[in-house]
Amino acid sequence: MYKLNGVKLPIAAMKEHMKLLYNGKTYNISRGTLLSELFKRENMDIPMVCAGMGRCGKCKVRFVSGAPRATSADSSFFSEDEIKSGWRLACRAVITEDAEIETDLSTAKEDKAFSIKEESREDKCEDLSSGNFVAAIDIGTTTIAAAIISPKDGNDIIKKAVTMNHQRSYGADVISRIKAANEGNADVLRKLVTDDLKGLLKNVALKEVVIAGNTTMLHLLVGDSCEGLGISPYKPVRLSYPEMSFSEVLGVTFEEKDIYDETECRIMPGISAFVGADIVSGMYALDFYKIPEGKTYMLIDLGTNGEMAVADSQKITVCSTAAGPVFEGGGISCGMAGVSGAIEHVKIDKEKKTADYRTIENTEPLGICGSGVLELVSELRRCDIVDETGLLADEYFEEGFILYKDEKKTISFSQNDIRALQLAKAAIRSGIDTLLSEHGITSADVDKVYIAGGFSEHLDIDMIKALKMLPEEYINKNITECVGNTSLKGCIKALGDCDYQKKITDIAARSSEISLAGTDTFGESFISAMNL
C-alpha cells in the first residue's frame, strides 16, 4: 500500500501502464484505456454493431483476470454468474489493472469461418500471377465479395472470394461509418477496406477491375470526404468516377509501386447519397435498361440500406429505407453472418412447439443468420407463439424461444430480437408500398420481383409468408425470384460488355429518387407494417 493525499491505495494504482494478455500476446496499455479502442488500434477485429454504444452486446469478452467493474450495459447482457466469471462488453471495459482476456467462442468461430472464404474451379489451375485476369468486386457494408475471371475462357469465373468488411468495428451501418469518418477516422476506415481488398486479391495480377458499392463505401474507399453524407441535404462529393489505376484506388503511393499500377479500375456510378452504385449495378445485371413495353419490374435489395427500384420501359423510381443490419444477422442477440454454422432455415412443429433447423454446411449451430431470422419469426407467428403485434407468448417472454441448447451454448430468440426484426420488416414493406404509390402503380401491376442481397440465396420466399413483408401478390402469383448478389453480378457482366457504359448511364438518367420521409403515406404505412 502507498498513500496519496493521505489515502491508502494499492501498489497497483501507482502504475500508469497496464499489461493485457490476449491470444498469447502481451499489450502495454495506459491506465484507463477502453478495451474496444485497443482492439481498433491493433486491428484486432471484433464486431460492434452499435458502433461501441453498448446497445448490441456483440463485443463480448471474458476477463480471465483483472476484470473491471461491471457497468449497467454489462448487466443488460450478462447474468450475475456470467459477470462474476468475468464477462464484459469490450466497448464498456476500462482497463485499470493488469488483465488477461479471451473473446466469445462463437465470435471467434464466426470470424474464422468468414476470414476470406474462397471457391475455386477444380478444372482451372492457372497461375493467377500471370496478369491475364480481370476482377469484379462488390463492397458491401457487412461483406466484400470478389470474382476472378478469365477473359480467354469466355469470361469464366475462376475463383470467388468473400470476407467480412473489417470496418464493422466502427459500426454495422453506413451512418455509424460516416460518423466515425467525420470524427477523424477516415484514413483508418480506408485502410481497413483496402487491406480487405488486398487480402481478397492476394497474389492475383489483374488487367482490369470493376467495383460497385453503396455511396458511403465508395467514398471511404477512394478517400472522399463523408462530411456531406452526414448532414442534410446529404450531398456526396461525387457519384461517378474517372477511370484510374487500381493502385490509385488502393492508395498505393508512387514510391511503393505494386502489381496493380497497370491495372485499370472502373467504379460503377451511383444515383444519390443513399441509392448507390450497388443498386445501379444490380439493375444493370437484371437488364433494367431494356424492360419490354407494358412490363414492370421491381428490385428489392435486402441489405442494411434497403435499396429498391421499380421500373418500366419509360422510367425508374428508386429509394432507400433504413432496414438496419438485421437481414445480415446484426442487432440480433444470437445473430451472425451467413457463414458455416449459421442457422439458415427453420420449421416449427405447431403442436409440440419445437423447431427443426438447418445450418449452412450442416455444421454445429453457432447462431442464426438473416434468412433464419425471417423464417423463424414467420414460423413463430404461424404457430401463434407471437401475436400480430409481435408479442411473445408468456411462457417464452423471459428466456425467449430456444432453438438450440447444450452444456456450453444456448441459441434463443428474444422479445427484443422480434422487435428488431419488426422494425426492419416494416422499413422494407412501407418502402415497397410507398415506392409503388409514387411510381403510380400497385403491387398487382408488377410483373417480376427480384429479391437481392447476399443472404437472399438462402431465402425461401414461401417460408416467410406470415411476416407480411412482401405484398401477397409477390408470393401468390409466383413472380418473385431470389437472385443473390446482383451488385457483384453487374460488375461481372460489365467486364465482358463493351456497351456497358451506355447502359448504366441510361439507367442512372432514367432513375428518380424519392425521399420516403417526405411522402404523405410513409409514416402511416410504417406503423401499419409493424404488425405481423
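**Notebook: cysteines, confidence and a pocket**

I looked for disulfides in this predicted model and counted 0. Cys319 takes part in no disulfide, and its nearest cysteine sulfur, that of Cys482, is 19 Å away. Cys319 is buried, with a relative accessible area of 0%. For Cys498, the closest cysteine sulfur belongs to Cys491 at 17 Å; a disulfide requires sulfur atoms within 2.5 Å, so this separation is too far for a bond. I noted Cys498 as exposed, its relative accessible area being 76%.

Next I looked up the confidence. The protein chain has a mean pLDDT of 87, with 90% of its residues at 70 or more. Residues 1–7 have pLDDT below 50, and this stretch makes 13 contacts in the model beyond near neighbours in sequence. Over residues 112–116 pLDDT also stays under 50, and I recorded 12 contacts beyond four places in sequence for them.

I then turned to the second largest pocket, which holds about 1000 Å³ of space. Its lining comprises 42 residues, and Thr143, Val162, Gly454, Phe455 and Asn485 lie nearest the centre. Two or more lining residues come from each of strand 8 (117–120), strand 9 (133–139), strand 10 (143–150), strand 11 (156–164) and helix 13 (486–495). Helix 13 gives the largest share, 5 residues. Sorting the lining of this pocket by class, I found 15 nonpolar, 17 polar and 10 charged residues.

Terms used. Residues numbered from 1 in each chain as written. Predicted model: local features only at pLDDT ≥ 70, side-chain atom pairs only at ≥ 80, totals over all residues. Heavy atoms only, no water. 1 Å grid on protein atoms, 1.4 Å probe; cavity = no way out; pocket = protein on both sides within 12 Å on 5 of 7 lines; lining within 4 Å. Points joined across faces, edges and corners; volume = space filled by probe spheres on them. Helix = DSSP H or I, 4+ residues; strand = E, 2+ residues; numbered from the N terminus. Nonpolar A, V, L, I, M, F, W, Y, C, P; charged D, E, K, R; others polar. pLDDT = per-residue confidence, 0-100. Contact = heavy atoms within 4.5 Å. Buried < 20%, exposed > 50% of the residue type's maximum accessible area, 1.4 Å probe, protein only.
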